[in-house]
Amino acid sequence: MRVLLVEDDEMLGGGLQSGLTQDGYAVDWVKDGDAAELFLRTEEYEIVILDLGLPKKSGLEVLKHLRSEGSDIPVLILTARDSVDDRVKGLDCGADDYMIKPFDLDELNARIRALMRRRSGRAETVITHGELIIDPASHTVQLRGEPVDLSPREFTLLEKLLESRGRVLSRSQLEQSIYSWKDEVDSNAVEVHIHHLRKKIGSEMIRTVRGVGYIIDKAPKE
Ligand code: CA
């Protein structure tokens, strides 16, 4: 999953970037409001983690601008403990959730998962597809009751395809969800991951749509 992290504090930003990357997210980290707007215009993200006190343009201005353009991307704001006012303003300007600094990475992760669940209209914490069950919280996968061992990127790809069941996702959409802009990406990286996934979960589930991309069809009862 592709995350835009906007944070000017080097320590916090660096810690968040490496923590979230370890959890399988593709993280682009920018350090001021102008850069945030540039990246939001040019890249596709699934969530924005937005500090409010930023150089050049405040987080609140970035958020207001984003919503005024009609974007409904989930935004989680980061605020200081004593700034109740900022949190209220942030939520009123269209933030979906907030975290008070300092915070725990596990809690941030849980809030990101909750936002993603809400966005996909899913009440359950696990995603079930036929005999396959994936759990975004523990990053575990089971097929017919047996654990399946996936790499973080394979997991993210499978999660993304399952969250978008019934829709074809292009190679570049899938690529964007597993790599940040600074990653060196082989042109056939997505194909290689899909190939490995098929070996692990069976070749039928992920269908290739020639010239377009990949799809997981909706399960019969959906
Ligand atoms: Ca700041």
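Predicted model: local features only at pLDDT ≥ 70, side-chain atom pairs only at ≥ 80, totals over all residues.
Residues are numbered from 1 along each chain as its sequence is written, and side-chain values use heavy atoms, leaving out hydrogens and water.

Now walk back along α8 itself, residues 189-201. Helices here are DSSP runs of H or I with at least four residues, strands are runs of E with at least two, and both are numbered from the N terminus. A189, V190, H193, I194, L197 and I201 of α8 are buried (under 20% relative accessible area with a 1.4 Å probe, protein chains only; exposed is over 50%, partly exposed in between). They sit on the same side of α8, because they cover an arc of only 125° around the axis, taken from the directions from the helix axis to the C-beta atoms.

Helix α7 (residues 171-178) meets α8, their axes coming within 9 Å and crossing at roughly 85°. That makes α7 and α8 roughly perpendicular (65 to 115 degrees). The contact (heavy atoms within 4.5 Å) involves R171, L174, E175 and I178 of α7 with V190, E191 and H193 of α8.

Elsewhere, a calcium ion has D8 (OD), D51 (OD) and G53 (O) as its protein donors, 2.2 to 2.3 Å away; for Ca, donors are N, O and S atoms within 3.2 Å. D8, in the loop between β1 (2-6) and α1 (10-22), and D51, in strand β3 (residues 47-51), are 43 residues apart. D8 counts as partly exposed at 32% relative accessibility, while D51 counts as buried at 4%.

Note on methods: Expected span 1.5 Å × (residues − 1). Donors = N, O, S within 2.8 Å, 3.2 Å for Na, K, Ca; no water. Axes fitted to C-alpha atoms, helices over the stretch in contact; angles between N-to-C directions. Parallel < 35°, antiparallel > 145°, perpendicular 65-115°, else oblique.
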